[in-house]
Amino acid sequence: MDWKQDEKLERGRRREELKPRLKLLHSNEPVKIALVGDQHIGSKFFNEAAHQATIDRLVNEECHVILMGDAIECSTKDSAGAGVYEQNEILDEQIETFIDLYLPLAKQGKILGIHPGNHEYRLYNTSGLNLTRWMARELGTDYFGFGQLTVISISSSDTKTKSRYRLYTTHGKSGARVNLSKLRAVMGLERVVDADVYAAGHVHLLDKTSRTFYMEDTRNRTMRLEQKHYVLTGSYLSHWSSYAHMANMEPVRNGTPIITFGSHPRSISIEMVEY
Ligand SMILES: [Fe+2]
């Protein structure tokens with residue numbers, strides 16, 4: 001492909017970003033998706049050891065990965081607060097570290113896409129540069145934008161049935177400070193889109209809840225119980241002496257949720273990898 005064709009494709013992709021898009025995932029086996037977010041690479045509060053343990057696990061596990069935003073700290077002299085003075089790496093180095101850390105997963109074809117977080121988006125706000133799009137391009141993966149619906153279709157050869165799941169992911173923008181309000185905010189995503197699992201980052205809490213409800217079973221004209229799941233994807237920032245500590249926010253565990261979508265019978269289970 002020459003550069004002219006490539007440029008045309010890229011412009012086409014950007015136009016497509018203005019429309020709602022689905023990502024379809026077909027499998028004959030249960031599907032695992034890890035949601036890694038709010039790493040804040042480059043911050044002096046970045047829990048490098050815990051993050052490396054997660055990367056090592058994901059490299060060795062049969063799974064997909066969605067990056068939930070705020071992968072890098074991205075504080076500049078224009079940013080609010082003292083963030084620019086609390087970085088171990090300048091922005092250019094943060095991007096290099098991010099690429100070094102995630103290239104092994106990208107090369108394995110495991111990364112489904114990357115959401116922008118408010119930290120990366122600072123650069124767009126001040127200069128019009130969408131850093132997340134370039135980070136996605138560097139890893140050869142999809143730029144997910146503000147929200148993405150991933151549809152997972154799993155065929156079971158034993159029972160000749162198909163299980164279909166919808167996962168909605170977004171960085172999120174909640175200003176909630178109390179854990180219950182943070183969970184309520186992710187539950188509020190039902191106003192945006194219909195899905196089986198809703199996941200958001202931003203509030204740095206690693207937590208989950210679910211809701212059980214009745215729905216029509218169209219196969220045999222009865223009612224069955226169904227569930228929706230709500231996941232907060234955690235962070236890799238330590239608490240003590242950080243802004244969160246100064247603001248007297250509750251300490252939270254670092255980590256990453258890994259969601260498993262079953263083949264047959266239909267099932268969703270969520271493991272919290274915690275540090
Ligand atoms: Fe964050």
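Entry 1. I looked up which residues of helix α3 are buried, and I found Gln94, Ile95, Phe98, Tyr102 and Leu105. The model I am reading is a predicted one. I recalled that an α-helix has 3.6 residues a turn, so residues three or four places apart point the same way. I then asked what these buried residues pack against. The partners are α2 (48-60), β3, β4 and α5.

Entry 2. I next examined the form of α3 itself. The helix has 17 residues and reaches 24 Å from its first C-alpha to its last, close to the 24 Å expected at 1.5 Å a residue. Where does α3 kink? I located a kink of about 35 degrees at Leu101, shortly before the proline Pro104. Just after the helix, Gly109 takes a positive phi of about 75 degrees.

Entry 3. I turned to the strands that α3 connects. Strand β3 (residues 64-67) and strand β4 (residues 111-114) run parallel and are joined by 3 bridges. The chain passes from β3 through helix α3 (residues 91-107) to β4, and I noted that this β-α-β crossover is right-handed. Leu67 has Ile114 in β4 as its bridge partner. Ile114 in turn is the bridge partner of Tyr143 in β5. Between β4 and strand β5 (residues 142-143) I found 2 bridges, and these strands run parallel. Helix α5 (residues 131-139) lies across β4 and β5, and it runs at about 160 degrees to β4.

Entry 4. I asked in what order the strands of this open sheet stand. The order is β5-β4-β3-β2-β11-β12, which makes 6 strands with mixed pairing. The edge strands are β5 and β12 (268-274), each of which pairs on one side only.

Entry 5. I recorded another open sheet of 6 strands, in the order β1-β6-β7-β8-β10-β9, and its pairing is mixed. At its edges I found β1 (22-27) and β9 (206-217), each pairing on one side only. The twist averages 20 degrees from one strand to the next.

Entry 6. How many bridges join β9 to strand β10? I found 12, and β9 and β10 (residues 222-233) run antiparallel. Within this pair, Tyr214 stands opposite Leu225 in β10. I also noted, as a general point, that in a regular strand the side chains alternate between the two faces of the sheet. Finally, I looked for a helix beside these strands. Helix α6 (residues 179-187) lies across β8 (197-200), β9 and β10, running at about 120 degrees to β10.

Technical notes: Residues numbered from 1 in each chain as written. Predicted model: local features only at pLDDT ≥ 70, side-chain atom pairs only at ≥ 80, totals over all residues. Pairing = 2+ DSSP bridges. Helix = DSSP H or I, 4+ residues; strand = E, 2+ residues; numbered from the N terminus. Right-handed = clockwise from strand over helix to strand, strands pointing away. Contact = placed C-beta atoms within 7 Å. Axes fitted to C-alpha atoms, helices over the stretch in contact; angles between N-to-C directions. Expected span 1.5 Å × (residues − 1). Bend = angle between axes of the 7 residues up to and from the residue. Buried ≥ 20, exposed ≤ 12 C-beta atoms within 10 Å, placed from the backbone.
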